[in-house]
Structure formats: C-alpha cells, structure tokens
Amino acid sequence: MTNISYHISNLLEKMTSTDKDFRFMATNDLMMELQKDSIKLDEDSEKKVVKMLLKLLEDKNGEVQNLAVKCLGPLVSKVKEYQVETIVDTLCTNMLSDKEQLRDISSIGLKTVISELPPPSTGSTMTANVCKKITAQLTGAIGKQEDVSVQLEALDILSDILSRLGGTLYSFHSSILNCLLPQLMSPRLAVRKRAIIAIGH
C-alpha cells in the first residue's frame with residue numbers, strides 16, 4: 001500500500017466515526033489532499049473515496065455534508081469516468097428524494113460536478129458522456145415531477161449544462177426541447193421563467 005493510499009484509508013476510517021468533529025476534520029483533510037495536483041488515487045482508493053463522499057452527503061451534520069459536496073469538485077479530475085458517472089447517477093437519484101436537505105445538497109453537488117468537467121475542446125469524451133447521463137435523468141424528472149421545487153432545481157441544472165456545454169448535447173436537443181416546451185404552460189411563473197432561460201441557451 002503506497003503512502004497516499006494508506007493516508008486516504010486512514011481518513012476514510014475517521015469519516016465513519018460517531019464523532020461529527022472527527023468526520024468533519026477527516027473530510028476537510030481529504031479535500032486538502034484532493035486539491036493537490038500531485039495526488040494519484042489507485043482504483044481501490046477511488047472507489048472507496050467516491051462511496052464515502054456520497055454517503056456523507058446524507059450525514060446528520062450539515063457542516064460535514066457541505067464539506068463532502070465541496071470535495072466532489074476536485075474529485076472529478078482525479079477519478080476515472082465510470083466513477084464520475086456513479087457520482088452523477090447517485091446525485092440525480094437523490095434529487096428525487098423526499099428528503100429536502102438531501103435534494104438540496106445533491107443539486108449543489110451536480111452543479112459542482114458540471115462546473116469541474118473538462119471542456120470538450122480538451123478532447124475528453126467524459127464530459128459528453130456524463131452530460132448525456134445527467135440530461136436524460138433531468139428531462140425525465142422535469143417531465144413527470146409533481147414537486148415544483150424539484151422541477152425548478154432540475155431546470156436550473158439543465159440551464160447550467162446547456163450554457164456551458166450545450167454543443168456536446170447536440171443529439172439531445174430535440175428531447176430537451178420536448179421536455180421544456182410543455183413547461184411554458186406551467187401554472188407556476190418560476191417554472192415558466194426557468195424553462196425560457198433553458199430554451200434560450
């Protein structure tokens with residue numbers, strides 16, 4: 001086990017502590033590690049870190065949750081594509097949760113991940129694949145969601161993706177439009193406004 005794997009393994013263990021201060025400090029230390037350019041995670045560490053951070057999004061302590069969501073940003077460039085897909089799958093599922101706090105933190109998580117995806121100009125296929133995954137789930141959520149707050153968040157995130165990476169979603173444009181146009185008839189002004197913003201991209 002390399003030094004970094006050992007160190008990460010120690011931090012992950014502390015993140016399972018019943019003491020919220022230990023969990024907070026360990027998550028903070030992990031964030032410091034992830035921000036270093038030199039850090040290289042092996043496959044096993046990647047998997048464990050992703051699993052732990054997604055679990056901490058449901059932590060009973062709000063400060064631990066907030067730190068965990070901040071770790072997702074630097075993590076995107078440190079793990080393989082399928083791990084990023086695991087992250088966005090979980091975040092999209094959480095957005096439909098009946099727990100409002102989990103929905104909110106997952107929505108922030110998705111925005112964080114989207115902002116850290118490498119621009120398509122770098123030749124990375126990850127961005128296109130991850131965006132397609134998120135878009136498919138969000139359009140589904142917008143179309144059949146009863147809860148207006150979930151609709152609004154999903155519309156917001158869709159706008160984020162379209163404004164930053166719309167070109168990578170060319171093949172999705174018609175299904176996105178089919179999802180957005182009915183929202184223009186929504187009885188809620190906020191939903192109509194966000195649908196217009198998304199269509200504008």
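Q: What makes N61 a cap for the N-terminal end of α4?
A: A side-chain oxygen of N61 lies 2.9 Å from the backbone nitrogen of E63. A polar contact is a pair of N or O atoms within 3.5 Å; within protein, one must be able to donate a hydrogen and the other to accept it, and residues adjacent in sequence count only if both atoms are side-chain atoms. The 2.9 Å distance is within that 3.5 Å limit.

Q: What kind of model is this, and which residues and atoms count?
A: This is a predicted model: local features need pLDDT of at least 70, side-chain atom pairs need pLDDT 80 or more, and totals for chains, interfaces and linings use all residues. Residues are numbered from 1 along each chain as its sequence is written, and side-chain values use heavy atoms, without hydrogens and water.

Q: Why is α4 called mostly covered?
A: Buried means under 20% relative accessible area (1.4 Å probe, protein chains only); exposed is over 50%, and partly exposed lies in between. In α4, 11 of the 15 residues are buried. Among them are V64, L67, C71 and V76.

Q: What do the buried residues of α4 pack against?
A: They pack against α2 (20-34), α3 (43-56), α5 (81-94), α6 (100-116) and α7 (125-144). Contact here means heavy atoms within 4.5 Å.

Q: How many disulfides does a search of the whole structure find?
A: The search finds 0. C92 is in no disulfide: its nearest cysteine sulfur, that of C131, is 11 Å away. C179 is in none either; the sulfur of C92 is its nearest, at 13 Å. A disulfide is a pair of cysteine sulfur atoms within 2.5 Å, so neither cysteine qualifies.

Q: Where do domain 1 and domain 2 lie in the chain?
A: Domain 1 covers 1-116 and domain 2 covers 125-200. These bounds come from an automatic or database domain assignment. The contact takes 16 residues from domain 1 and 21 residues from domain 2.

How values were computed. Helix = DSSP H or I, 4+ residues; strand = E, 2+ residues; numbered from the N terminus.
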